[in-house]
Structure formats: structure tokens, C-alpha cells
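My notes follow in the order in which I made them.

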Amino acid sequence: MAIRNKPCGALTVAAPIIFLALVLAGWWLTTMLTGIEAWRLPDPFAVARKGLALLQRPATWRQIAVTGGEAIAGCALGTVVALPLAYAIYRWRLLAAAVEPFLGATQALPAIAIAPILVLWVGYGITPVIVLCALMVFFPILVSTVVGLRHIDRELLEAAALDGATGWTMAAHMELPLAAPAILGGLRNGFALSVTGAVVGEMVMGGSGLGQVLTQMRSNVDTAGMFVVIAILCIMATILYVIVYRIERSKRYAITQ
């Protein structure tokens with residue numbers, strides 16, 4: 001059982017590289033064989049040249065830092081609010097019965113619809129973008145945490161209670177550590193969503209990050225540049241996703257030992 005839970009080595013590195021190579025090959029063949037206009041679908045080499053040009057500009061790295069900072073700050077804010085509420089929902093049935101029917105409705109609201117309201121309440125700039133990121137990550141973190149807490153083995157908690165664990169001691173040393181893989185799973189999805197929230201927020205509410213760059217390139221019909229920005233955003237989300245995923249896997253592996 002312990003072997004099955006260990007992170008697999010070379011396959012986790014080779015599989016995505018092979019998949020990416022197949023996607024790029026299919027993309028290149030599509031542009032070569034269909035004769036599609038470059039402003040509709042540039043070939044991978046044109047996108048690569050554009051990417052190298054953009055990454056040589058210091059301004060691009062500042063824009064990446066701004067968007068990344070907004071995403072991380074928004075995810076942190078959403079986590080700070082979601083975790084205590086999730087634990088309260090897990091502990092008190094009355095609160096769970098009152099709140100849970102409305103949680104799905106909050107997730108159904110698209111970010112593009114929330115952004116204009118945040119402009120009215122908070123104004124333009126980095127603050128409403130961070131709030132928008134927090135709203136986007138709040139629901140998946142909350143739900144994952146509640147599910148993780150509810151699936152803890154009751155026998156373990158009863159044994160801890162017999163040993164005198166109650167209240168904060170029970171939460172800190174039993175409930176939260178046992179629910180850590182589920183909590184980290186919510187954080188993993190939350191970080192990926194927070195990058196989306198940052199870009200949408202910048203496109204609607206202004207800012208100096210990659211969302212504004214994407215808007216400018218769209219106006220200039222710079223399709224290759226848009227592909228580069230989208231690729232950068234994907235890489236940012238993937239890095240955050242993989243970092244939390246590795247932590248999550250280590251927690252799962254530790255728990256099974």
C-alpha cells in the first residue's frame with residue numbers, strides 16, 4: 001500500500017512532455033496544411049519568436065509579477081476566510097443547514113459579472129482584483145475542506161477524545177492534519193482559479209499586469225502575442241498547481257504510513 005502512494009518518478013515528467021510535443025506537432029501541421037491566416041492562428045515558431053521578444057523586456061517580468069502577486073494574495077485571502085467557515089460548518093449542523101444551500105449559487109456567478117460590482121464598491125486598481133481572486137477560490141477551498149473533515153475516520157476522533165483531546169487540541173492535532181490532503185486539493189484548484197481571476201479582473205477593472213497586456217494585444221490583433229501571454233498564464237497556474245500538488249501528495253503518503 002505504501003508503494004502505491006509514493007509519487008511515480010519518470011512517468012510524471014515524461015508524460016506531460018510527450019503530450020505537449022504532440023499538441024505542438026498537431027498545431028504546426030494545422031497551420032501548414034490548412035493555410036489558415038496567421039492573424040487567426042499563428043504557427044508555433046512565430047509564437048516562440050514573439051515569446052522570446054517579450055521575455056527580453058523587463059516590463060514583461062514586472063507584469064508577470066503583478067499578476068502573480070494578485071493571484072497569490074487573492075488565494076491567501078480566500079483561504080483565510082474559507083478555512084474557518086468550513087470548520088464551523090463541519091462542527092455546527094445548524095450553520096451547515098443554513099449556509100450550504102446558498103454556496104452553490106455563489107459558485108454559479110461568473111467572474112465577469114462580479115467584476116463591475118466590485119468596481120462600484122471598491123474602485124479600480126489592485127484591491128478589487130485581489131477580492132475577485134478571493135471570491136473565485138473561496139468555494140472550492142471551502143467545499144474541499146468540509147468534505148475532507150467529514151470523511152475523517154470517526155474511530156480515530158473517538159480514540160483521541162478518550163485521550164483527552166478536545167476543542168482546539170482536537171482540531172490542531174487530529175482533524176486538520178487528517179483532512180490536510182483534501183484541504184490541499186482545494187488549494188491546488190484555488191491557485192489555478194486565482195490566476196484566471198487576476199486576468200479577468202485586470203481586463204475589467206484595470207491594472208498593470210498580464211490582463212491589460214492581453215487586452216492591448218487583442219485590440220492590436222496581435223494573435224501571436226496573445227498566445228504568448230496565455231502560455232505564460234498557463235505556466236504560472238501550472239507552477240502553483242504542481243507546488244501544492246507535491247505538498248498534497250507528500251501529506252497523503254505520510255498519512256498512509
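Before looking at charged residues I set down that a salt bridge is a side-chain nitrogen of Lys or Arg within 4 Å of a carboxyl oxygen of Asp or Glu. For charge, I take Lys and Arg as positive and Asp and Glu as negative, with His and the chain ends not counted. Buried means under 20% relative accessible area, exposed over 50%, and partly exposed in between (1.4 Å probe, protein chains only).

The model is predicted, with local features needing pLDDT of at least 70 and side-chain atom pairs counting only at pLDDT 80 or more, while totals for chains, interfaces and linings use all residues. Residues are numbered from 1 along each chain as its sequence is written, and side-chain values use heavy atoms, with hydrogens and water left out.

Entry: glutamate 70. I found glutamate 70 in helix α4 (helices are DSSP runs of H or I, at least four residues, numbered from the N terminus). Glutamate 70 is buried but has no salt bridge, and arginine 62, the nearest side chain of opposite charge, is 13 Å away. Setting aside neighbours within four places in sequence, I listed its contacts (heavy atoms within 4.5 Å) as Ile126, Val129, Ile130, Cys133, Ala198 and Glu202.

Entry: glutamine 63. Helix α4 also holds glutamine 63, which I noted as buried because its relative accessible area is 17%. Beyond its neighbours within four places in sequence, glutamine 63 touches Ser208, Gly209, Leu210 and Val213.

Entry: the core. A nonpolar core is a set of buried Ala, Val, Leu, Ile, Met, Phe, Trp, Tyr and Cys residues joined through side-chain atoms within 4.5 Å. The largest one has 53 residues, of which Leu132, Leu142, Met205, Leu210, Val229 and Leu233 touch the most other members. Helix α9 (167–205) is among the elements that give two or more residues to this core, and α9 gives the most, 11 residues. Apart from neighbours within four places in sequence, valine 229 contacts Leu210, Val213, Leu214 and Met217.

Entry: the surface. Trp28, Leu29, Met32, Leu33 and Phe45 form a nonpolar patch with about 550 Å² of accessible area together. Such a patch joins nonpolar side chains (Val, Leu, Ile, Met, Phe, Trp, Tyr) within 5 Å, from residues with over 30% relative accessible area and no salt bridge; accessible areas come from the Shrake-Rupley method with a 1.4 Å probe. Helix α2 (residues 10–34) supplies the largest share, four residues, whereas phenylalanine 45 sits in helix α3 (residues 44–55). I recorded phenylalanine 45 as exposed because its relative accessibility is 52%.

Methods
Patches are made of residues with over 30% relative accessible area and no salt bridge: like charges are joined within 9 Å, nonpolar side chains (Val, Leu, Ile, Met, Phe, Trp, Tyr) within 5 Å.
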